[in-house]
Amino acid sequence: MELGKRLKDLRNRMGMTQDELAERLFVSRQTISSWENDKSYPDIHSLLMISELFSVSLDTLVKGDIEVMKEKIDQETIRTFKKNSNIYAALLLICLVSFVPLYKWLSWWGLAIWIPFFALAIFFCVRLEKIKKEQDIHSYKEIVAFMNGEKLDDIGKAREEGKRNYQKVIAFLAAALFTALVLWIISLIV
């Protein structure tokens, strides 16, 4: 991060030691040292005091750090999305494979075992949809780009937005066909 370098530079320009700066900011010398060595980050109150003391704007003080923080947040979001995707896929597979055997062997008790798996699958599906909405991703191509830490250019984004209308129709028809198939299988068993 850049804040440590800026803080050290500003302190040296004013001819201050870490102890003197620590006194003015009401923190310990070790705290100043950890800030300058990027081991920790000052809280907002300390940032405001540093900004006032050295007569620099907060924007100037933390410029560059904001981009690093955004990148870190993006990577964390991607990891969360991948983890939730894997959990959702596993739960969905369990739900699809276990419904008929559980119902056939245990009757209604089998459904009581199956319902929590289904509820968890729905929970993770909603979490994935929330991330997709926050990141403005809709199509498969956008999801793949997001999971690789990339963004679609404006032309690619426009092309994907143009596809969305018929993709929704296709997704609806596929879901209806899948539901009909599952109901047909259940009717054969029961």
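Buried means under 20% relative accessible area, exposed over 50%, and partly exposed in between. The exercises below concern a predicted model.

**Exercise 1.** Classify Cys95 as buried or exposed, and do the corresponding task for Cys125. Then state how many disulfides the structure holds.

*Solution.* 
- Step 1. The relative accessibility of Cys95 is 5%, so Cys95 counts as buried.
- Step 2. For Cys125 the relative accessible area is 24%, and this residue is therefore partly exposed.
- Step 3. A disulfide is a covalent bond between the sulfur atoms of two cysteines. The structure holds zero disulfides.

**Exercise 2.** Characterise how helix 2 and helix 4 cross, and list the residues through which they meet.

*Solution.* 
- Step 1. Two packed helices are described by the angle between their axes and the distance between the axes.
- Step 2. The axes of helix 2 (residues 18–25) and helix 4 (residues 44–54) come within 10 Å, crossing at roughly 115°. Helix 2 is therefore roughly perpendicular to helix 4.
- Step 3. The crossing of helix 2 past helix 4 is right-handed.
- Step 4. From helix 2, Leu21, Arg24 and Leu25 meet Met49, Ile50, Leu53 and Phe54 of helix 4.

Notes:
Residues are numbered from 1 along each chain as its sequence is written. This is a predicted model: local features need pLDDT of at least 70, side-chain atom pairs count only at pLDDT 80 or more; totals for chains, interfaces and linings use all residues. Side-chain values use heavy atoms; hydrogens and water are left out. A disulfide is a pair of cysteine sulfur atoms within 2.5 Å. Buried means under 20% relative accessible area, exposed over 50%, partly exposed in between (1.4 Å probe, protein chains only). Axes are lines fitted to C-alpha atoms, for helices over the stretch in contact, and angles run from 0 to 180 degrees between N-to-C directions. Helices (H or I, at least four residues) and strands (E, at least two) are DSSP runs, numbered from the N terminus. Angles under 35 degrees count as roughly parallel, over 145 as roughly antiparallel, 65 to 115 as roughly perpendicular and the rest as oblique. A crossing is left-handed if the near helix is turned anticlockwise from the far one by less than a right angle, and right-handed if clockwise. Contact means heavy atoms within 4.5 Å.
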